[in-house]
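Subject: Structure for you, with notes on salt bridges and strands

Hi,

Here is the structure I promised to pass on. Please open it before you read my notes.

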Amino acid sequence: MTFARFDGERRRHFPEALNHIPAHATLFHHLPGDMERAVLETITALARTLPPPDVAVTGLRFIGRGVAYVLESEPLAMFRGRLAKEFIADLTAQDRQGWRPHVTVQNKVAPQVARALHESLQAGFEPFRFTAPALLLWRYLGGPWDRVARIPFGDHA
């Protein structure tokens, strides 16, 4: 299972005190918290229109103080684009930038530690694919996170 692989690596390599949520690919860093119900309804309605998207894991990215797996998925990118249009007035500058999907398995470590992990993972890496079954919506609580919802892709009505 892809999630177990990513989350296991994140648990092994991400500083424990900073690892507040499981392995994930971030679609947005911030959506309007004062519109939580509307956000949830919009994401749910759009997710129902998309079968679980196929995602390619195409490589590894050294991010200076960490390591991430590079993801590619045209259906997921189109889905994110649709959501971005829905919330354009509320997006932060970071979320308005181009989307570079990835799963971070290490961050906030010394650059030499990150470089060593990157080289180690790169040595045995082979591209692979998985299907993303759902989205998770989280609420940031100033340190800890609260999971608001799991939103499956596809029509489950």
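This is a predicted model: local features need pLDDT of at least 70, side-chain atom pairs count only at pLDDT 80 or more; totals for chains, interfaces and linings use all residues.

A search of the whole structure gives six salt bridges. I describe some of them here.

**Within helix α1**

Start with Arg-11 and Asp-7. They form a salt bridge, and their closest N and O atoms are 2.8 Å apart. Both residues sit in helix α1, which covers residues 2-13. They are four residues apart there, so about one helical turn separates them. How accessible are the two partners? Arg-11 is exposed, because its relative accessibility is 62% and the cut-off for exposed is over 50%. Asp-7 has a relative accessible area of 6%. That makes Asp-7 buried, because buried means under 20%.

**Within helix α2**

Next, look at Glu-41 and Arg-37. This pair also forms a salt bridge, with the closest N and O atoms 3.2 Å apart. The two residues are four apart in helix α2, so again the separation is about one helical turn. Glu-41 is partly exposed at 47% relative accessibility. Arg-37 is exposed, with a relative accessible area of 66%.

**From helix α2 to strand β5**

Now find Glu-36 and Arg-139. Their closest N and O atoms are 2.7 Å apart, and they form a salt bridge. Which parts does this pair tie together? Glu-36 lies in helix α2 (residues 36-48), and Arg-139 lies in strand β5 (residues 134-140). The pair therefore links parts that are 103 residues apart in sequence. Glu-36 is partly exposed, at 28% relative accessibility. Arg-139 is partly exposed too, with a relative accessible area of 29%.

Glu-36, Arg-139 and Asp-146 are linked in a network of salt bridges.

**Strands β2 and β3**

Last, turn to the strands. Strand β2 covers residues 67-72. It runs antiparallel to β3, and four bridges join the two. To see one of these contacts, select Tyr-69; its bridge partner in β3 is Val-103. Is strand β3 largely enclosed or largely open? Strand β3 covers residues 102-106, and four of its five residues are buried. Strand β3 is therefore largely enclosed by the rest of the structure.

Best wishes

How values were computed
Residues are numbered from 1 along each chain as its sequence is written. Side-chain values use heavy atoms; hydrogens and water are left out. A salt bridge is a side-chain nitrogen of Lys or Arg within 4 Å of a carboxyl oxygen of Asp or Glu. Buried means under 20% relative accessible area, exposed over 50%, partly exposed in between (1.4 Å probe, protein chains only). Two strands pair if DSSP finds at least two bridges between them.
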